[in-house]
Amino acid sequence: MPNIRLIYSSTAAGGMSYGTLVEIMDHAQARNVERDITGILCYGSGEFLQALEGERRSVNALYHAIARDPRHLDCQLISVAEIDARAFPEWTMKVVNWEDGDTAKRRAVLQSDTGSDVFAPQSMSAVQSTTFLLHLAELERELAAD
Ligand SMILES: Cc1cc2nc3c(=O)[nH]c(=O)nc-3n(C[C@H](O)[C@H](O)[C@H](O)COP(=O)(O)O)c2cc1C
């Protein structure tokens, strides 16, 4: 069974607090280790953009579970691609809170990849969302190393 990378966007249900985001992150990190899933979840302006990578069956099962989660709405599948190598191998789930510090650097990456510095994943194409998440990961690695 091949490995895939699946990218989707969604809108947080009303009242998404920082505490809920941390709860999702803690749960995701613990469960993704067991399923050998890696990825990145970017949250900003009430919108999510998430990439899940791993064995095709595991990623599909997780995506279906996530899509049923009442903490967000309107899951839009943006891209599914077979991959030879993972882009986020070190992260069981890296959560990037768009509003946390370093927003200007993230906006510059977004502007360069999508032509707008407004985080609006619902309107990104498959190529834009993939390129943006790969570049965002590079930036987050640099920021973590500083
Ligand atoms: C935006 C968002 C992203 C999520 N990402 C993950 C994830 O990467 N891994 C995970 O196990 N659960 C994730 N969840 C939680 C799942 O929707 C759900 O709670 C979980 O799969 C429940 O199944 P489990 O108890 O078998 O883990 C996410 C939820 C939301 C709202």
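## A covered strand

Let's start with strand β3 (47-55), which is mostly covered: seven of its nine residues are buried. Buried here means that 20 or more other C-beta atoms lie within 10 Å of a residue's own, while exposed means 12 or fewer and partly exposed is in between, with C-beta atoms placed from the backbone. Strands (E, at least two residues) and helices (H or I, at least four) are DSSP runs, numbered from the N terminus.

Before going on, note that this is a predicted model, in which local features need pLDDT of at least 70 and side-chain atom pairs count only at pLDDT 80 or more, while totals for chains, interfaces and linings use all residues. Residue numbers run from 1 along each chain as its sequence is written.

## Partners of β3

Two strands count as paired if DSSP finds at least two bridges between them. β3 pairs with β1 (residues 3-12) in the antiparallel sense, over nine bridges. Strand β2 (residues 38-44) also runs antiparallel to β3, and seven bridges join them.

## Around the ligand

β3 also turns up in the ligand's shell, where it supplies at least two residues, as do α1 (18-35) and α2 (56-67). The largest share, five residues, comes from α1.

There are 16 residues around the ligand, and Ala28, Arg31, Ala65, Ile66 and Asp69 come nearest. A residue counts as near if its C-beta atom, placed from the backbone, lies within 6 Å of the molecule or strand in question. By class, the shell has eight nonpolar, five polar and three charged residues. Nonpolar covers Ala, Val, Leu, Ile, Met, Phe, Trp, Tyr, Cys and Pro, charged covers Asp, Glu, Lys and Arg, and the others, Gly among them, are polar.

Which residues of α3 are buried? They are Arg106, Val109, Leu110 and Thr114. These residues sit on the same side of α3 because they cover an arc of only 105° around the axis, the arc being that of the directions from the helix axis to the C-beta atoms.

The buried residues of α3 pack against α4 (126-145), with contact meaning C-beta atoms, placed from the backbone, within 7 Å. On the face turned away from the buried side are the exposed residues Ala104, Gln111 and Ser112. Just after α3, Gly115 takes a positive phi of about 85°.

Methods. Two residues are in contact if their C-beta atoms, placed from the backbone, lie within 7 Å.
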